[in-house]
Amino acid sequence: MQASSQIPHDVSYLDYKGKYKGLLAWILSTDHKRIALLYMFSIMTMFFVGVCLGLAMKLELIAPGKTIMGAQDYNAVFTVHGVIMIFMIVIPGLPAVFGNFLLPLMIGAKDVAFPKLNLFSWYLYIAGAILVISSVLFGDGSPDTGWTFYAPYSFRTGTNMLPAIFGAFVLGFSSILTGLNFIVTIHRLRAPGMTWTKMPLFPWTLYGTAWIQLLATPVVGITLVLVSLERIFGIGVFDPALGGDPILYQHLFWIYSHPAVYIMILPAMGAISEVIPTFSQKHVFGYKAIVASTLAIAFVGYFVWGHHMFTSGMSGTAQYTFSILTFLVAIPSAIKVFNWISTMYKGSIALETPFFWAMSFIFVFMIGGLSGLVLGALATDVYVHDTAFVVAHFHFIVFGGVGFSFFAAIHYWFPKMFGRMYDKTWANVGWIVFFIGFLALYTPMFYLGMQGMPRRYYDYLEQFHSANILSTLGSWVMTFGLAIIVINLFRSAKSGAIAPENPWNGKTLEWTVPSPPPVENFDDIPVYGEKDGPYEY
Amino acid sequence: MSQAIHHDEHYDAEGSKIGMWLFIFTELLLFGGLFVIYSVYRFMNQDAFHLAAEELNTTVGSINTIILLVSSMTIAMSTSALQKGQKGTTIVLLEITLMLGLIFLVNKYFEWGVKFEHGIFPGSQHMLDTLSQGEILFFGLYFVMTGLHALHIIAGMALIGVTLAKVSKGTVHPERSALLENAGLYWHLVDLIWIFLFPLFYLIH
């Protein structure tokens, strides 16, 4: 460790001057904190594109008939919206940004296990993003299959599918490498004395997530390769004309893509499990139950993929099995909710912005989760399958769950990341506007779905008009709230009040280093004693 | 002093090996998807798979199997040689491993070439006209799975090549042998996958 002594301990990672200057100092840095910010800015850029596409869809649906685009354009918009939001934002979102930044800090390490591999994953992410975007800009029309690339349409349509499919493959590879890196980091680099049961909950959820990334992503990888080969050479595997079975594609796709939902939601739950004890100033209730439920979700999540295919053609036995297993996932999720609520009980609650986000997370997560049971039950699923109800459900879970948790996390760790406090008033205003807009945008879709409005159509019957207007208005309010949040954070990063080392009186290790942290994180690797723990208030 | 140099100072052989094992899991699952597809279609088209498998040349397949098994042995020997400090032997054994990998690919090239000459390749009109759907599926899977395996052979050879260069330069030595051991692990994986592909395509009738 001779070289490390030459990096000054009082220089923050933001101010550090290494071998390279300017932009190169960032895109060639193997510092996990800089890579985290690289991810954050790339994800924000893609999120901006995704939001614009979402707004375009809602604007199209403000009135029946063609408003701003026709059927083909609408197909392309919801496909690209889905691909961007799923593969580039919610899957890497919390692990790549907050996982990268905080995992080494929270377990008392100087960096992740493989820093160069970490930077390489970011390059893969960028390559995948460029590929997907290129499918829109070049070739014969944007992809129009939906983000699931269902066979046989994905190899029959004349649009520019290959770059989009290959882009998703590359993004998956980036995700695998991040997961691999985190598993090794957690196994090898925990501070001395930090046993598994003393590890904070956010690293625990990253651990569960990393295993899913590692074990599920290769399956979708090979599936995407096969569908590309089907398109280029006609190998026949998914092509009914050559003896293949398109349903097999759906199985293989969802074997990954359902666990992927837990790649999204587990770290989100982890961030909430950090925010709530800190702002309740109380030991988290049922630490071991939360850990066990994390692992249970990761495990059971592998065996529920069939619930995406209840109407695709499966045996009755398979349907019952998948339905029961789906109900099982609700149990560990509910355990977590009870634990969060119990943590608040008799706590000394500080009403700060991250806490508001965490509260609203629980609210939308409950709605999203319970509506998931409606879809997991066979009889009701057949009724609402492929309606706006499904869209409402997964936006409550994926955008409501992951998005709200992301905003809770960014406000919570903002002082640590940038060394400055955000403006509290504007942050709270942004939250409430966003929350109202969110509910106005997605709640009407539950109603519309129950009334029978199908998803993925640019047009609808007159009877669905009023609820759609409310939904479109909601999309504007929500985007307005989003703008307040983002502008506030950017302004605060530049000129907010200087943040102390530990503004929230948190007890996890990231609060023991200066804000922003020095390049090497810790002068001396911290040691956990017998009585130490992450939530000892 | 750059950060990169600092990170090079951090050396954790155990961590690197865990990393490689995890990566091997992902590779197994990647091929696992294909094995699932193979078994589904074999079950659905038993007679056609039986017919199509007779088209494959068992002799070439057996030779390639022996080549890969020997190459697995030579790379395992190179690890032992490095641990004993015999740098020269290590290099020779790695070179033999590379050579065997290359011979495997050459055999594969000619094997595929013969199929192409007979009009057997994905998307060929000859296949559509003369073969049943089950046979088309068999050959589709044959080309995808052996092709993907050949790509892994190439990736493994690249990894061995890098290791070879580092052994010659002296940056991989008995105290820092994780790269060589990882290259060996990966090469064994590539070998292992072939051990499953060989009976599935060539031997079961």
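Biologist: What pattern does chain B follow, read along the sequence?

Modeller: Chain B follows the pattern α-α-α-α-α-α-α-α. The count for this chain is 8 helices and 0 strands. Bear in mind that this is a predicted model.

Biologist: What is the mean pLDDT of chain B?

Modeller: pLDDT is the predictor's confidence in each residue, from 0 to 100. For chain B the mean is 92, with 95% of the residues at 70 or more. Residues 1–8 of chain B have a pLDDT below 50. In the model this stretch still has 18 contacts beyond near neighbours in sequence. As for the scores of the model, ipTM is 0.91 and pTM is 0.94.

Biologist: What does the C-alpha trace of chain B span along its principal axes?

Modeller: The spans are about 65 × 30 × 25 Å. Chain B has 205 residues, and 37% of them count as buried. Take the contacts in chain B between residues at least 6 apart in sequence: 78% of these join residues at least 24 apart.

Biologist: How many residues does the contact take from chain A and from chain B?

Modeller: The size of an interface is often given as the accessible area lost when the parts come together. Here there is a residue count: 40 from chain A and 33 from chain B.

Biologist: Which elements of chain A give two or more residues to the side that touches chain B?

Modeller: They are α7 (161–188), α8 (201–232) and α9 (246–280) of chain A. The largest share of that side, 9 residues, comes from α8(A). By class, the side of chain A that touches chain B has 23 nonpolar, 13 polar and 4 charged residues.

Conventions: Residues numbered from 1 in each chain as written. Chains lettered and ligands numbered in written order. Predicted model: local features only at pLDDT ≥ 70, side-chain atom pairs only at ≥ 80, totals over all residues. Contact = placed C-beta atoms within 7 Å. Helix = DSSP H or I, 4+ residues; strand = E, 2+ residues; numbered from the N terminus. Nonpolar A, V, L, I, M, F, W, Y, C, P; charged D, E, K, R; others polar. Buried ≥ 20, exposed ≤ 12 C-beta atoms within 10 Å, placed from the backbone.
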